[in-house]
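Have a look at the fold, then read on.

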Amino acid sequence: MSRPSRLQRQVLSLYRELLRAGRGKPGAEARVRAEFRQHASLPRSDVLRIEYLYRRGRRQLQLLRSGHATAMGTFVRPRGPTEEPGDTATQGTTRKDSDGPKSPCEGAGAQETRSDGR
């Protein structure tokens, strides 16, 4: 087996650093492992993508190491209209189907039906 390249050593080092920084923070270790597994099948020749992901990981590491991070979550796009339990802007109001999405992410992936059947 050949020796790992410099970039491979950097990625492995980043992985270990992220795991260490995520200790004691809910969801961090699982998120780090899942993110690395997701991109493990990238071909070695896709250096630009690997370097981009490496830089992104470095930024996440800085955030984790800062004293402000208490947990690590994921951002997911909602599949339909959702309401946060503590959201005061939408409490007490109902939304009609014809109003359309209130934000770019709201309603993404949900099918809209029109009242005229089209």
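What covers the buried residues of H3 includes H1. Here helices are DSSP runs of H or I, at least four residues, numbered from the N terminus, and contact means heavy atoms within 4.5 Å. Keep in mind that this is a predicted model, where local features need pLDDT of at least 70, side-chain atom pairs count only at pLDDT 80 or more, and totals for chains, interfaces and linings use all residues. Numbering starts from 1 along each chain as its sequence is written, and side-chain values use heavy atoms, with hydrogens and water left out.

In H3, the buried residues are Ile 50, Leu 53, Tyr 54, Gly 57, Leu 61 and Leu 64. Down the helix axis they fall within an arc of 105 degrees (taken from the directions from the axis to the C-beta atoms), so they line one face of H3. Leu 48, Gln 62 and Leu 63 sit exposed on the other side of H3.

Over in H1 (residues 6-22) you'll find Glu 17. Leaving out residues up to four places away in sequence, Glu 17 touches Arg 58, Leu 61 and Arg 65.

Here's how the accessibility works out, with buried meaning under 20% relative accessible area, exposed over 50% and partly exposed in between (1.4 Å probe, protein chains only).

| Residue | Relative accessibility | Class |
|---|---|---|
| Glu 17 | 17% | buried |
| Tyr 15 | 24% | partly exposed |
| Phe 36 | 26% | partly exposed |

Conventions
Helices (H or I, at least four residues) and strands (E, at least two) are DSSP runs, numbered from the N terminus.
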